[in-house]
Amino acid sequence: EYKALTDHLMAMALKNKFNLRQIMENNFASTLKLENFAELCCMSLSTFKREFSKTYQEPPGKWLLNRKIQLASKMLRKTEDSVNDIAFKSGFESSSH
């Protein structure tokens, strides 16, 4: 009985990590705040930050900024879109970011 409970809890933890990764990969180019990401993952903000750091080995704010910069950089090289459009599509609130 103890093993069944342990197995169930481990499966839930793995599912949460998958959901966290899926949610982050699908939504990083949005203007969502960390609190919103935590809600999408059905976690408190502190649990989200802790699980995020375990999953990605860096804080969520740093990871989000790096992903947005990577996307914007790629778009600047490969599209003819304006800087303002690229900033918006990459999840920045303004092109001055």
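Q: Which helix supplies the largest share of the lining of the largest pocket?
A: Helix 4 does, with four residues. Twelve residues line the largest pocket, and L32, K33, K68, G91 and E93 lie nearest its centre. This is a predicted model, in which local features need pLDDT of at least 70 and side-chain atom pairs count only at pLDDT 80 or more, while totals for chains, interfaces and linings use all residues. Residues are numbered from 1 along each chain as its sequence is written, and side-chain values use heavy atoms, with hydrogens and water left out.

Q: What makes a set of grid points a pocket, and what makes a residue part of its lining?
A: On a 1 Å grid over the protein atoms alone, a pocket is an open set with protein on both sides within 12 Å along at least five of seven lines; a cavity is a set of points where a 1.4 Å probe fits but cannot get out. Lining residues have an atom within 4 Å of a point. The largest pocket holds about 210 Å³, a volume being the space filled by probe spheres set on points that are joined across faces, edges and corners.

Q: What counts as a helix, and how many helices are there?
A: A helix is a DSSP run of H or I with at least four residues, a strand a run of E with at least two, and both are numbered from the N terminus. The protein has five helices and zero strands.

Q: Why is the pair of F52 and W63 called edge-to-face, and what of F28 and W63?
A: Rings of Phe, Tyr and Trp (its six-membered ring) pair if their centres lie within 6.5 Å; planes under 30 degrees apart are stacked, over 60 edge-to-face, and the rest tilted. The whole structure has five aromatic pairs. In one of them, F28 and W63 are 6.3 Å apart centre to centre with 80 degrees between the planes, which is edge-to-face. For F52 and W63 the centres are 5.5 Å apart and the planes stand at 70 degrees, so this pair is edge-to-face as well. F52 lies in helix 3 (residues 45-56) and W63 in helix 4, so the pair ties together parts eleven residues apart in sequence.

Q: How do you know whether W63 and F52 are buried or exposed?
A: Buried means under 20% relative accessible area, exposed over 50%, and partly exposed in between (1.4 Å probe, protein chains only). W63 is at 6% and therefore buried, and F52, at 0%, is buried too.

Q: What puts the charge of R67 over the ring of F28?
A: NZ of Lys or CZ of Arg must be within 6 Å of the ring centre and within 35 degrees of the ring normal. The charged end of R67 sits over the ring of F28, 4.2 Å from its centre. R21 has its charged end over the ring of Y56, at 4.8 Å from the centre. F28 and Y56 belong to one aromatic cluster with F48, F52 and W63.

Q: What makes the phi of C42 and Q57 stand out?
A: Most residues other than glycine have a negative phi. C42 is not a glycine, yet its phi is positive, about 55 degrees; Q57, also not a glycine, has a positive phi of about 60 degrees. C42 is in the loop between helix 2 and helix 3, and Q57 is in the loop between helix 3 and helix 4. C42 has a relative accessible area of 72% and so counts as exposed; Q57, at 64%, is exposed.
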